[in-house]
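Hi everyone, thanks for coming. I'd like to walk you through one model today, so please have a look at the screen.

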Amino acid sequence: MALTIRKILENVQSGTIRIPAFQRGFVWDAERVAYLMDSIYKGYPFGALILWRTKEKLVHERQLGPFQLPEVEPDYPIDYVLDGQQRLTSIFGVFQTELTAVEDAPWTGIYFDMSAEADLQESQFICPSSEDIDLARHFPIGTFFDVTAYRKATADLPADRAELIDKVQSVFKEATIPTQEVATEDRARVAIVFERVNRLGVELDTFQLLSAWTWSEDFDLQERIRGLAEDVAPHGFGDISQDTNLILRCCAAVVAEDASPAALMGLKGADVRARFDEIENGVKGAIDFLRKNLRVHRLINLPYSALLVPLAVFFATPGSKGVDVSTAQRESLERWFWKACFSRRFSAGVLRNLKRDIDEMISLRKNGASALDKIAASTDAEYFADQSFTIGTVHTKTLILLLANKDPKSFVSGAGVDLGPVLQAYNREEFHHLMPRSFLKKKGISTSDINSLANFAIISAQDNKRLGGVAPSVYKKKMDVGSVDAILEAALCPHSLFDDDFHTFIEARARTLADYANKKMA
């Protein structure tokens, strides 16, 4: 299927082609618009427009780039632009002559350079500044579809240039823009299209989509999510409002028992409104559980943000009464958490695994038992010995939470570490090498080995500075004598640390960490 440029102009102005509110604004610059015109002129492929054909007009729509489209009663069906908005806006902006831009739009003034050599690579179309325009050389292509304006613009051209411009105009009048059409009233199908477009590298915001579809005039989804973020902010999770797709997954998981894009798009407004208190309870309960039982003090501490989704389902209850968690349920939730982290459960097959875990969470809450924690998972010493400590990666976040769950102690005084500030700040300053970097470099140990996960512990910057970059056997003298055993035990650290033999120590520490991790999953 394809549309001529004239047909595109007519359909946009008649209201048949429209821009949904979930689309982002126009971001192309003049150079990209000029290159698009050159591609059309030379017959180069530039991608198809993806249009969603529907009989239902959306409540909220976006203007087309800098153009406020007239309010007209459109002919049905309507074609909403799902992909190709930048191209469509460029074509409309350059060639339409009826509307005045409500914003600065210098890119609409595209000219054909009549003096430019025909070149397969270089563009013959430009967008010069007003003082650089030479009408003897630069022809305004915006006149191509306006008979009067075109006649006036060509009136004083020499015969050879008038003939050239006639040929250029003819190309554009005959050019067609390829389109792909999704004709459906099924929003779940539209969701699948979005997901596929996402995979092609075009980011579309599902949250904007659902907000645009508007569930109710008296229900503002964005406002409710802001309120939820404010409620959990004192507990370190205020940044949850920035991950709107995570919140939407929680909504779909609680209401539809499924967090897939199709389930998201299939949500009924009445159901979401009626159960949003339940959704809020679920998210708050999940956060409370993560903080108290797994030492997760911020959303960024989670190895996978998706871990929050099934937990929200477990804790989602109507009214003000929370879930009364039994010891067996708590242990099952904790085992599932650690298994999900060490098995990299949400690195692949995310939707399938989420669906299974959501179903098992419901069973665990209703029946007191389920197969939630029966997923296969274990770890070994190589996990900790071979991977490097890098803030923000899944394995590093998992290590940090593992260490936090042992209630680490100061490496100098032996006093308990206040994990709140450590995990909320979440920067490199609170995590240091057990065998100092400067000591190991002098021994010729490589940087990758030095930064092995097994060489890290929760050690404050202050303690690290006091211990210094010396051999462990030397800095041991600065540690509280009566607390050394307790400090090492809380750090999951073997006494071989003080033998100053790096490779032997790393092997022993990695085994200790793996043993503790497997105990958590057992």
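Let's start inside: the largest cavity holds about 40 Å³ of space. By cavity I mean, on a 1 Å grid over the protein atoms alone, a set of points where a 1.4 Å probe fits but cannot get out. Grid points are joined across faces, edges and corners, and the volume is the space filled by probe spheres set on the points. Searching the whole structure turns up 1 cavity of 30 Å³ or more.

Before I go on, this is a predicted model: local features need pLDDT of at least 70, side-chain atom pairs count only at pLDDT 80 or more, and totals for chains, interfaces and linings use all residues. Residues are numbered from 1 along each chain as its sequence is written, and side-chain values use heavy atoms, with hydrogens and water left out.

Which residues line the largest cavity? They are F411, H433, L434, P436, I459, N464, L467, G468 and Y475, where a lining residue has an atom within 4 Å of a point. That lining divides into 6 nonpolar, 3 polar and no charged residues; Pro counts as nonpolar here and Gly as polar.

Now the cores. A nonpolar core is a set of buried Ala, Val, Leu, Ile, Met, Phe, Trp, Tyr and Cys residues joined through side-chain atoms within 4.5 Å. Buried means under 20% relative accessible area, exposed over 50%, and partly exposed in between, with a 1.4 Å probe and protein chains only. The largest core has 106 residues, and I240, F337 and F384 have the most contacts inside it. A second, separate core of 43 residues includes I17, I40, F67 and F172.

Let me stay with F384 for a moment. Leaving out residues up to four places away in sequence, its contacts (heavy atoms within 4.5 Å) include F342, L399, S452, A454 and A510. A385 lies in helix α15, residues 381-386; helices are DSSP runs of H or I, at least four residues, numbered from the N terminus. Beyond its neighbours within four places, A385 is in contact with S452, A454, I506 and A510. Is A385 buried or partly exposed? Its relative accessible area is 24%, so A385 is partly exposed.

Compare S39, in helix α2, residues 30-42. S39 counts as buried because its relative accessibility is 17%. Outside four places in sequence, S39 touches Y44 and F46.

Notes. On a 1 Å grid over the protein atoms alone, a cavity is a set of points where a 1.4 Å probe fits but cannot get out, and a pocket is an open set with protein on both sides within 12 Å along at least five of seven lines; lining residues have an atom within 4 Å of a point. Helices (H or I, at least four residues) and strands (E, at least two) are DSSP runs, numbered from the N terminus.
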